[in-house]
Amino acid sequence: MSGVNLNKVVKTYGDLEIIHGIDLEVHDGEFLVLVGPSGCGKSTLLRMIAGLEEITDGTISIGDRIVNDVPAAQRNLSMVFQSYALYPHMTVRKNLAFGLGNLKMPKAEIAKRVAEVAKILQIEELLERKPRQLSGGQKQRVAIGRSIVREPELFLFDEPLSNLDAELRVQMRVELAGLYQRLGTTMIYVTHDQIEAMTLATRIVVLQAGIIEQVGTPFDLYNFPQNKFVATFIGSPKMNMIEGTANKSGLLLPDFGQISLPKNAPKSGNIHFGIRPEQFTIGKGGDATSTGKITLIEYLGSELFLYITLPSGHVVLVQASSQTQYKTGEELTLSLTAKNAHYFGEDNLRIPLYDEKK
Amino acid sequence: MKKFFAKNGPGYFFLIPWFIGFFCLALGPILYSLYLSFTKYNIFKPPKWIGLENYEFMFLYDDRFWKSLEVTFSYVFMSVPGKLIFALAVAMLLDKGMRAIGFYRALFYLPSILGGSIAVAILWKQLFEYNGVINSLLAKIGIEGPYWLNDPNYSLYTLVMLGMWQFGSPMLIFIAGLRAIPRELYEAAEIDAASKWKQFYAITVPLLAPVIFFNLVLQMIDAFKTFSSAFIISGGAGAPLDSLNFITVYLYNEAFAFYRMGYASSLAWILMLIIAVFTGVAFFSSRYWVHYENERD
Amino acid sequence: MTDLSIQEASEIAHNYRVIRDKRKRRAAITKHLFLAICSLIMVYPLIWMIVSSVKPDNEIFGNISLWPSEFIWQNYPDGWNGLFLSFTVFYKNSIIVTVLAVIGNTLSCSFAAYAFARLEFKGKNIFFALMMMTLMIPYHVVLIPQYLLFLKIGWVNTFLPLIVPRFLAGDAFFIFLMVQFFRQLPRDLDEAAMIDGCSPFKIYWAVIMPLSLPALATTAIFTFIWTWEDFLGPLIYLNDIRDYTVPLALRNFISQDSVSMFGQLFAMSILSIVPIFVFFIFFQKFIIRGIATSGLK
């Protein structure tokens with residue numbers, strides 16, 4: 001059993017509270033990703049689990065053991081650092097063996113484990129090199145190797161891919177996913193990159209300013225964001241937000257006009273109407289339409305995004321078929337469907353209008 | 001309690017040697033030295049409290065003390081500026097792109113690293129003998145050299161020259177400081193048709209001010225503490241006629257030749273206060289003439 | 001027509017470049033000449049000492065020539081055995097003291113520096129400030145109380161007063177130097193090691209130390225040079241000639257007052273600085289970097 005349990009965890013530096021009482025249950029064997037903008041406290045949280053940062057208040061337990069006062073070395077976990085933190089004066093082999101040596105493991109066993117891990121990660125021919133003779137991707141592999149060689153019950157990753165170039169990052173992401181499938185050990189992974197989060201996680205925790213905004217599977221987070229922050233944070237490009245006013249018969253939107261909503265919708269007040277770029281339809285149809293002018297075209301090959309300025313001056317981002325030719329300045333008709341959109345009240349919380357039907 | 005040690009223990013553990021050293025060899029001795037400076041103590045009998053008598057005697061009656069202050073101050077005020085000017089001039093000559101800079105740098109630094117040794121003090125003494133090399137060289141150009149070591153009017157100059165000869169370490173610090181000045185500033189000045197001299201006082205000096213200040217403080221403290229060379233060249237007693245009786249030499253003899261530990265301690269305290277005052281003044285005044293680059297006015 | 005003017009123009013430009021290059025070269029030559037003369041003046045005393053060590057005694061004074069009429073190599077063996085005891089004893093003493101001082105200083109200062117740079121504990125800032133304040137204290141103030149302390153515990157006339165303090169991290173300069181160095185090592189390394197199961201001591205020993213060789217080397221080299229050259233310490237604590245270090249022995253040479261021994265005196269003086277010289281040649285890089293970055297003497 002090696003789930004992790006956080007109970008009302010608080011972290012303060014002096015008078016400044018960074019983490020505001022977090023409750024979180026990490027299940028055994030899951031790949032949990034902590035994601036959020038920089039400064040949201042995700043790294044601090046990870047370092048508290050690792051034992052590198054003291055816990056101001058609350059408890060953290062790993063398995064059935066409360067680890068608040070257990071030093072990092074005795075928590076039976078391993079960590080991959082953003083900077084890799086390979087020991088510069090040791091060869092790759094020594095880097096891999098260092099932690100095992102500290103466990104007083106017999107030499108033969110160490111050699112066996114190092115060889116095994118080197119094989120898995122295909123770094124066998126690098127074993128006698130020093131870290132400075134390695135490329136970024138190779139360093140990354142050694143860093144991962146150093147953490148799996150110990151066979152810990154918990155893996156921690158602190159933005160491990162952010163120092164790699166785009167291509168390598170995609171490749172390592174796939175390898176990490178493969179590694180997780182192979183090992184099946186609990187992993188907690190910190191990133192600010194929501195694509196990494198979406199592709200790797202079994203569950204995602206979205207953090208902002210030291211509190212949890214939402215916990216859920218990538219599917220849940222994308223389709224049922226519980227508040228406006230998660231809605232705009234998850235998904236790339238971002239969800240469009242249109243400010244509408246609720247009335248007796250539904251919702252009045254600028255440009256698109258009146259749409260009708262189910263009976264359980266609020267009858268007054270402001271509503272944030274969120275719609276993802278792929279939920280628009282070009283041409284007539286749906287529940288409401290507007291015209292707009294293309295101001296910018298982003299052609300990505302498989303996809304195409306149009307920045308469309310509506311009559312009110314509001315700009316929306318729309319995904320269109322990449323096979324159609326568009327010109328800037330062109331006038332378009334845009335339509336939307338009420339049940340594909342997301343609704344957030346004045347408190348920024350989700351108003352679950354259509355969720356049951358999905 | 002247990003938690004306190006788990007958290008602070010390692011830090012205190014690594015500081016154990018320093019703690020012992022600090023209390024037994026620094027703080028304790030300083031306080032004891034202060035106490036001794038108010039006593040009469042000759043090692044054989046326990047210290048006897050005499051209040052301010054040592055200081056009273058020192059300031060009102062002890063001509064040797066005043067002489068030692070004069071000698072020490074003269075030395076500091078002659079050798080330190082000379083040394084720094086030399087150091088800066090040579091550092092500027094040893095420009096970045098110059099060939100053989102490593103060779104010259106090493107060569108100019110050599111006297112500094114050997115300078116603290118007794119061998120060099122002995123050498124210096126022989127150089128300035130009446131029939132020594134310096135006077136022979138002077139004779140070549142028709143000057144009759146003085147009795148450098150025996151004439152109280154000249155003896156201090158031998159030490160000043162020895163001090164200036166060792167300009168190596170401020171030179172190295174200046175070289176590092178000069179390198180930190182961006183080339184573009186000189187190029188811009190060049191385009192603005194500033195003369196070399198103007199470039200020196202309008203760019204080099206102000207930008208180098210922190211380094212000059214640093215060197216000044218270090219060299220001054222060092223000069224106040226001069227001992228070995230003065231001891232050897234003056235034959236251990238500050239001779240001739242106390243003209244080399246640096247305060248350090250004086251206090252050494254008071255303590256270890258005459259066993260006047262109390263009086264020697266009060267001399268040591270005066271030395272420490274002088275150094276503290278000068279360092280303090282340097283730091284205080286630096287506000288007005290040293291501007292650090294990352295500082296905003 | 002046009003063809004000619006292009007040719008002309010390029011010729012003028014070429015001539016101008018030649019003149020400018022010539023002027024530049026002349027300036028460079030002047031500078032080198034000047035520096036060469038300077039360095040000659042700088043090293044002349046040292047060369048004179050080397051030459052004098054093999055000159056007949058009657059040629060040492062009143063003679064600026066750097067070429068002896070005959071080479072008296074015998075000065076070296078004679079000087080070696082010129083005192084009551086052979087220099088073998090003094091060298092052995094110096095080596096014992098210096099080697100232990102180097103080990104002690106490097107270890108104890110790195111201990112304290114590790115605590116200050118990497119560990120968290122109560123009172124850290126205060127202790128750090130106190131440590132920095134000891135930088136300002138002249139040795140002469142603690143000299144007398146330290147002497148009295150060592151006298152009391154019976155360490156006078158042993159090497160202990162010269163060695164034990166070195167194990168107690170008394171040199172704030174080096175602690176500071178190492179703190180600066182340790183701070184620029186990535187903290188991730190410590191944390192990775194922590195997770196790899198290292199105790200603070202193991203992190204210090206297996207991660208920080210191997211990565212800090214330049215700072216350790218600088219400390220070791222300067223401690224070596226200063227301890228080797230140290231005069232005041234041995235002068236106070238060592239009274240038995242069998243315990244003398246090399247500088248003390250040299251001083252005995254001059255106080256013997258026998259005029260006929262200058263050749264031998266210089267021979268031994270040179271031998272006394274050979275180890276420093278060798279260190280300087282081999283570790284120049286560390287020495288120069290050490291001074292340029294931290295203002296060591």
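This is a predicted model: local features need pLDDT of at least 70, side-chain atom pairs count only at pLDDT 80 or more; totals for chains, interfaces and linings use all residues.
## A sheet, a helix pair and an interface

In β20(A), His272(A) has Phe344(A) as its bridge partner. Strand β14 of chain A, residues 270–275, is joined to β20(A) by three bridges, and the two run antiparallel.

Five strands of chain A make an open sheet, ordered β13-β12-β11-β14-β20, with antiparallel pairing. At the edges sit β13 (257–259) and β20 (342–344) of chain A, each pairing on one side only. From one strand to the next, the twist averages 35 degrees.

The C-alpha trace of chain A spans about 75 × 45 × 35 Å along its principal axes. Chain A has 358 residues, and 38% of them count as buried. Take the contacts in chain A between residues at least 6 apart in sequence: 64% of those join residues at least 24 apart.

Now over to chain B and a pair of helices. The axes of α4 (residues 101–115) and α8 (residues 168–179) of chain B come within 7 Å, crossing at roughly 135 degrees.

| Helix | Residues in the contact |
|---|---|
| α4(B) | Phe108(B), Tyr109(B), Pro111(B), Ser112(B) |
| α8(B) | Gly168(B), Ser169(B), Met171(B), Leu172(B) |

Sorted by class, the contact of α4(B) with α8(B) has five nonpolar and three polar residues, and no charged ones.

Chain B also touches chain C, in a contact that takes 68 residues from chain B and 63 from chain C. On the chain C side, the elements giving two or more residues include α1 (2–52), α4 (87–118), α11 (213–229) and α14 (262–294) of chain C. Which element gives the largest share of the side of chain C that touches chain B? α14(C) does, with eleven residues. By class, that side of chain C has 44 nonpolar, twelve polar and seven charged residues.

Chain C itself comes with a domain assignment: domain 1 covers 2–52, and domain 2 covers 75–294. Taken over C-alpha atoms, the centres of domain 1 of chain C and domain 2 of chain C are 44 Å apart.

Notes
Residues are numbered from 1 along each chain as its sequence is written. Chains are lettered from A and ligands numbered from 1 in the order in which they are written. Two strands pair if DSSP finds at least two bridges between them. Helices (H or I, at least four residues) and strands (E, at least two) are DSSP runs, numbered from the N terminus. Axes are lines fitted to C-alpha atoms, for helices over the stretch in contact, and angles run from 0 to 180 degrees between N-to-C directions. Domain bounds come from an automatic or database domain assignment. Two residues are in contact if their C-beta atoms, placed from the backbone, lie within 7 Å. Ala, Val, Leu, Ile, Met, Phe, Trp, Tyr, Cys and Pro count as nonpolar, Asp, Glu, Lys and Arg as charged, and the others, Gly among them, as polar. A residue is buried if 20 or more other C-beta atoms lie within 10 Å of its own, exposed if 12 or fewer, and partly exposed in between; C-beta atoms are placed from the backbone.
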